[in-house]
Amino acid sequence: MTIVAVDIGGTFTDVCCLYETPEGRRLSWTKEPSTRKNPVEGMVRGVGRILEQVAAAPGEVTHLLHGTTVGTNAVLERRGGRVGMLSTEGFEDTLELGRGDRAEIYRLDSEPQTPGFIAPGRRRRGIRERIAADGSVVVPLDEEQVATAVRDLVERERVEALAVCLLFSFVDPRHEIRVREIATKLYPELPVSLSHEVDPVFREYERTCLTAFDAYLRPVMSAYLGNLTDRLRQAGIASEVFTMQSRGGLASTRAIARRPFTALLSGPAAGVVGALKLAGAGGFENAITLDMGGTSADIALIAKGKALTTSQGRFERYPLRTPMVDISTLGAGGGSIAWVDGAGGLHVGPQSAGSEPGPACYGRGGTEATVTDASIVLGYLSPDYFAGGLRIDPDAAWRAVEGVGAKVGLTAVQAAYGIHSIVNARIADGTRLVSLKRGYDPRDFSLVLFGGAGPVNGLAIAEELGMTTAVVPFAPGALCAYGLLAASVEYDEATTFKLPVDEADPARIEEAFRRLNAHGLERMVADRVPPGDVTAIRTADIRYIGQSFELEVPIGTPVDKEGITRAVAAFHASHRRVYGHADETAPIEFVNLRTVHSYRIDRDTRPVTFAPSALPKPKASRPCCFDASGRFVETTALLRADIAAGQVVAGPAIIHQADSTTVVRPGWSCKVDTQGNLLLVREASK
Amino acid sequence: MKIDPVTLEVVRNRLDAIAQEMQNTLVRCAFSTTLKEGGDCSCAMFSAKGEVIAQATANPTHLTSFLPAVEHMLRRYPAATMREGDVYMVNDPYEGGSHIPDIIVIVPIFAGGKVSAFGCALGHMLDMGGKSAGSMITDATEIFQEGLALPVCKFFDAGRMDETIWRIIERNVRVPKAVYGDAMALIAAGRTAAAHVSALIDHYGLDAFEALVPALMDHSERLTRAAIQKIPDGVYEFVDWLDNDGIDLDRRIRIQVRIEVSGSEMHFDFTGSDPQSRGPANCPPGGILAPVHFVVRALTGHDIPSNSGCFRPVRVTAPPRSIVSAERPAPVCIRYHTMKRIADALLGALATVMPERIPAAPYGSDLSDSWGIYVPETHEHLVFMDIFAGGTGAGSASDGVDHHSCDLGNSRNIPAEAVELEYPIRVWSHKKRIDSGGAGRFRGGLGIERELELLKGEASISARGDRHYSPPWGVNGGKPGARNAIVVVRNDGRREIVPGRVRLHLQTGDRLVGMTAGGGGNGEPWRRDPEAVLDDVLDGKVSRAKAESFYGIVIGADGAIVQTATAQRRAELAKTTSGEQIDRGETGLGLELAAD
């Protein structure tokens, strides 16, 4: 089995390869600059390079897995397809009107909070039809009007995809299905997204949004995946291509082309899955992952060996009601700028210097002090080991930080430490919000650190949160690609099943689950997965009657009376954990039933060894600052490769490796595990 | 104890995060559609002395309501007498409440054996009793008709609920289950604050926390003063009008404001505003702070940390027994629209001094209706509350936003599907209202049209709204937006245009159509970019007729701009420019509908 995994990021495309050698299974990785205009070019080059590196022929590749930001960028840069939208008459403006609330309460020049740009008024039509909450037809579908509207949208407005969201389609989808039949008969090539297939749940604005995004991404994703498959075929790779979904599982090209919204947040999900695998191998069931790069910090939670997902996520300001790894993004990274307000208050970010002009130390014209500049002043980063071999100017960093310090009466070193404290505390706050809203205490978790700045700032953040263990992966830069290798092919199915629990007949629930199961297996078989290797998980969304938000709890197979009782108990327990109270006597109801089918691609349990990398030796020690006093202490500096198995390095220490620098703060110690990961432990807190 | 800028910033962020966590807890635990879908609820944290420390992103009206509530609570229950697990509650508008339906819950937070802060949560209950369902009685003439008033009381004593208080509430409200669920959600929010603030104090120590809180206020005060200093010194005045008080429907109510800016201080004087009204348009004592605080925060910069320090440079003079500060037993339940009009007047006073900051008037008042539905077949009594926004005013460089809550409110509309799943109501439309945005070089945001039909039984509705008579004003040559309107379409087809504050009765098959106002325009319409006007026509925001009459854009049969006719029409319009900075339009009920 030769699996190639590719993570296409904004700056670099990381590639991992898992392959066989006579000595056993090995893992290699490499980096290739990303090609922004057509990301497929950089990807194909990267795949060629890794195959050369491990001396494998393209034909030997059995699986190609990848994570992509194509969907994310299409939305950020407003480069999606031209979408036409059909809604129930009277609701044609739902996409643009939204719910009417705003995020910044004291702003007088507020901005629209809805994605009206996907389909402005001229590309939206109201359709005469109406289905009631109980599924009965109040107004029959005006088929002629549908045909006229579709013709008009295609011929006059030149739409490339159609989004259809009719009221109560999740109760009875017959009108939506008929709309597609009519549209497809007129224009067989026109992609049509139906809301009951995308997001079969009530609240029309939220469902409309996701359906619109699905249609918006279709032309972009189809073109991208088509191009990708062609180029890989030309390069001699004939294997199945899988793409990471926002939920943290893989899906075939076929499945993604049909449901492109599932890959909107493909990129960041892979990193979390990689961290999940590492944490698991390290024996940590509960972990918080922190991916801190130049402009932002991504935080996610792993509880009991599973990455937490949400179905109530957002992208920019827009609701995105689809399962996704629950990643919180904060505008806090190495490039975050420190600034002083009119009353002598010190702040960091959310503005970032980005990579152009970048931190002051980049010498590209940036003069404002950033977190990275502060890291240089504190002695954490060395000009000799800067990521990507960049040449940097430490004096510029000092000048910039000194300037900030002068405004608030601090020395350069104190100011640098202050900048770190502020950014670290903000990330700690973000982490608390992520964990506490789920009812978890961060102190019960380990911190997995990656991204350029993650291992630099991570332990200070851990201290802020009272966490005592942390992991820095063997290759923090390649973690996303590694995550793809660890992921499973996953398909989720859901159906609305609204019924008080007391009235629910186990046989009917079982019947509904069987239908979901059949759909899930069908999709696996389409990907040539042997049905016997597929695992299925069943869950139910339950809530107190009267509440609007549900909790998802597992339910056993097959469904029987006892199984329901157990699910109910799990619901109460979960409600108590998340909300701090529960009422065993209050009536509760089922809302949705869900299944997740998964298939693990790498089913081999033999250990994997890692290919090493080489770096020059640093000076044995240098002065660093670890507290607000601004005092420097002589600190050991060493290469990760030079830490022997079993050796314990006591902090303070700085550990360099090819793609990152780990700061081991005083009070922490560090060793290397068999996988090459750094394990950091805080000694009894001082 | 000296506080360094680093710790200050770290703790400030932490407190903001806790306030937000309270709000999340509240919305997710709530039972009524008003809270869980509508978001008509808010959270904040207060110091032991009764000052705001941090606020969640919520409703500005509520956030200010906590000030008098905490003050009255401390007067009745000194902090020294409080115990861990206590929960205090109030809704009496004359003892720190806002109006009867808003229940305020206050949870003391302990550290080192004494009260060090308070977690506060407010939620608009579906019903608190009184003369009509929803306790929003448009024609009340005394507070006694508005429902059950609870003075500040101790709802939980050291962790134990006072059953008597609950039984009294249960007996007096129409939907006790929903009220109970929502009250528990408020308490859960308060406890969230207690848990996290205690942890924060553990981390930094009580001494440090007690020094930090005033330091946070001082910091915000300094920033606010610096921002006020940039407003030119002077006295600025403005008058705006409320439609009526719900009783004397033909009498407009005068809101007069006088703002004196001198150095880093502002004085807000409401002398000259009308006396308190017979109907419930009055602000309760302290209610005037909501629009004043909103305007101060909005003008000095939304990035200044929100706490009591922001309001130290501010002085308020409110005449007693007036529409802006009533005395018991005047009714107050419909005070929200008054507060919004006060915000309009305050911004109007400064609109000519800060034209780049202050937009034209926004829609001015959400349309909200409380329904009491009786279904004879099943003997069911249901209570439903609907609320939806209009368009915001155009800025000096950007159009207003359609259907967008502003100034004192921040509710969400109730999804049609949520309404129909729970009530015998069909929502026939929720769509933009063409031509409702005030014309201007920058156009006001659009209002919406929302049509509801009663499917079963009968309903008694308290409809609330304002700006049914005077439209949202335009600025710098911009035109006013369309005013709010409500039309009842009877099941036999008869149409009735009704004023904003009225109690209505619907029979099965009757429909209620609410049309919200659009924002005022900014700058002369004939200066608007012709392409922007064409886009508006194509997107259904402006009709061809109005494109021609207001904007001077003539569109041909082929859908393109007719250049010569347009140039001519624009030249004519340029001659008629009045040069007035504030365009208030005509006053009258349903003028836009009459024109149709």
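In chain A, four strands form an open sheet in the order 30-31-33-34, with mixed pairing. Strands here are DSSP runs of E of at least two residues, and helices are runs of H or I of at least four, numbered from the N terminus; two strands pair if DSSP finds at least two bridges between them. Strand 30 (621–625) and strand 34 (660–664) of chain A are the edges, each pairing on one side only. On average, neighbouring strands of this sheet are turned by 35° against each other, direction ignored, with axes fitted as lines to C-alpha atoms.

The model is predicted: local features need pLDDT of at least 70 and side-chain atom pairs pLDDT 80 or more, while totals for chains, interfaces and linings use all residues. Residues are numbered from 1 along each chain, chains are lettered from A and ligands numbered from 1 as written, and side-chain values use heavy atoms, without hydrogens and water.

Strand 33 (residues 653–657) of chain A runs antiparallel to strand 34 of chain A, joined by five bridges. One bridge pairs A:Ala653 with A:Val664 of strand 34.

The whole structure holds 10 cavities of 30 Å³ or more. A cavity is a set of points on a 1 Å grid over the protein atoms alone where a 1.4 Å probe fits but cannot get out; lining residues have an atom within 4 Å of a point.

Methods. Axes are lines fitted to C-alpha atoms, for helices over the stretch in contact, and angles run from 0 to 180 degrees between N-to-C directions. On a 1 Å grid over the protein atoms alone, a cavity is a set of points where a 1.4 Å probe fits but cannot get out, and a pocket is an open set with protein on both sides within 12 Å along at least five of seven lines; lining residues have an atom within 4 Å of a point. Grid points are joined across faces, edges and corners, and a volume is the space filled by probe spheres set on the points.
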